[in-house]
Amino acid sequence: CGQFVKLFTGLNEYLEAAKIQGFTWSKLVYAFDFDKDSHGKGKNKTQVTLGFDETIYLTLVLRYKELSGGGGGGDVPFELSGHLTEIDTGKIDADYMNSRFEKYLTIVGQGDVNSEAIQKTVDELHKSFATLTQEEQKIANLFLNDVQRGDVIPEAGKTFRQYITEYQASAKNTQVTDLVNVLSKADAEDIATFNAKLSSMMNTGLTDANINEFGRFDDLKSCVDNAKAKAYFEELESASISPFKVNMKVDKLLQNFIISGGFDL
């Protein structure tokens, strides 16, 4: 990861210099004349083709941006360029991924295709997952596994991206429900209140600095059943935990859950 940061930063220095000299993503092949004669014509002509396109570049930017929270899930974040982390990767073309998905459905639907051909198509589809975030890649794999098992029958005209979005929303709802069940008081009304407050806070882009504005985080913590929370953390750590430390762990768990957008317990 550290080597990638170093090399990608260097690549972008060359890229910026090339843009000043006329490079554009819409043109990937360039011709050059060397050793010009008295008439200004080059004796030696060279043609240079770029080894990657804008989609591959934006995919690399996506990997770079994902390191902002630490390398590969590590605790120490890398020193990243703010300019590079602000590049918009939302325009990565999803058409290729969707075409691989449709090809996979066509191959599987034929019935008499050998396993080698199916595996080749699956590999092509998996390769296209690189244009997704790491979280979306996990969701895409879950969906594809469901399709392969026959648990999901794809609908005509529905794109691969639409399925990922639906699965993602469902996964988020499950994550919220799991956390609420672990920490909330048992009454149905209390559970509904906790769920609504937690969901609301997750959809407002909160940070460490503003998470408790208007006392909303303290209000959320008031919905916690301290006895249930104590039992959860003690089972998790196989040790007795004091009420004070339980409160600290609840605080940290809720903050991380809200700021990160949710995760599996």
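Student: Helices (H or I, at least four residues) and strands (E, at least two) are taken as DSSP runs, numbered from the N terminus. On that basis, where does leucine 50 lie?

Tutor: The model is a predicted one. In it, leucine 50 sits in the loop between strand 2 (42-49) and helix 2 (54-66).

Student: Phe23 and Trp25 are both aromatic. How are the rings of phenylalanine 23 and tryptophan 25 arranged?

Tutor: For context, the count of aromatic pairs comes to 16. In the pair you ask about, the ring centres of phenylalanine 23 and tryptophan 25 are 5.1 Å apart and the planes are at 75 degrees, so the pair is edge-to-face. Phenylalanine 23 and tryptophan 25 are buried.

Student: Which aromatic cluster are they in?

Tutor: One formed by Phe4, Phe8, Phe23, Trp25, Tyr30, Phe52, Tyr57 and Tyr64.

Student: What about the rings of phenylalanine 257 and phenylalanine 263?

Tutor: Those two rings have centres 5.2 Å apart and planes at 70 degrees, so this pair is edge-to-face. Phenylalanine 257 is buried, at 0% relative accessible area. Phenylalanine 263 is partly exposed, at 26%.

Student: Switching to helix packing. At what angle do the axes of helix 4 and helix 5 cross?

Tutor: At roughly 160 degrees, with the axes of helix 4 (residues 95-110) and helix 5 (residues 115-128) coming within 9 Å. That makes helix 4 roughly antiparallel to helix 5, because angles over 145 degrees fall in that class.

Student: Left-handed or right-handed crossing?

Tutor: Left-handed. Helix 4 contributes Tyr96, Met97, Arg100, Phe101, Lys103, Tyr104, Ile107 and Val108 to the contact, and helix 5 contributes Ile118, Thr121, Val122, Glu124, Leu125 and Ser128.

Student: How many nonpolar, polar and charged residues is that?

Tutor: The contact of helix 4 with helix 5 has 9 nonpolar, 2 polar and 3 charged residues.

Student: Zoom in on serine 128. What does it touch, not counting residues up to four places away in sequence?

Tutor: Serine 128 touches Tyr96, Met97 and Arg100. Serine 128 lies in helix 5 and counts as buried because its relative accessibility is 4%.

Student: Now helix 7 and helix 8. How do the axes sit?

Tutor: The axes of helix 7 and helix 8 come within 10 Å and cross at roughly 135 degrees. Helix 7 and helix 8 are therefore oblique to each other, and the crossing is right-handed.

Student: Which residues meet there?

Tutor: From helix 7, Val176, Thr177, Leu179, Val180 and Leu183; from helix 8, Ile191, Phe194, Asn195, Leu198, Ser199 and Met202. By class, the contact of helix 7 with helix 8 has 8 nonpolar, 3 polar and no charged residues.

Student: Where is valine 182, and what does it touch?

Tutor: Valine 182 is in helix 7 (residues 160-183). Not counting residues up to four places away in sequence, valine 182 touches Lys228, Ala229, Tyr232 and Leu265. Valine 182 and leucine 265 are 83 residues apart in sequence, yet 9.5 Å apart in space, C-alpha to C-alpha. Valine 182 is buried, with 18% relative accessible area.

Student: Last topic, backbone. What is phi of phenylalanine 214?

Tutor: Near 60 degrees, a positive value in a residue other than glycine. Most residues other than glycine have a negative phi. Phenylalanine 214 is in the loop between helix 8 (188-202) and helix 9 (216-221) and is exposed, at 78% relative accessible area.

Student: And phi of serine 238?

Tutor: Near 50 degrees, also a positive value in a residue other than glycine. Serine 238 is in the loop between helix 10 (226-237) and helix 11 (243-260). At 69% relative accessibility, serine 238 counts as exposed.

Definitions and conventions
Residues numbered from 1 in each chain as written. Predicted model: local features only at pLDDT ≥ 70, side-chain atom pairs only at ≥ 80, totals over all residues. Heavy atoms only, no water. Axes fitted to C-alpha atoms, helices over the stretch in contact; angles between N-to-C directions. Parallel < 35°, antiparallel > 145°, perpendicular 65-115°, else oblique. Left-handed = near helix turned anticlockwise from the far one by under 90°. Contact = heavy atoms within 4.5 Å. Nonpolar A, V, L, I, M, F, W, Y, C, P; charged D, E, K, R; others polar. Phe/Tyr/Trp six-rings, centres within 6.5 Å; stacked < 30°, edge-to-face > 60°. Buried < 20%, exposed > 50% of the residue type's maximum accessible area, 1.4 Å probe, protein only.
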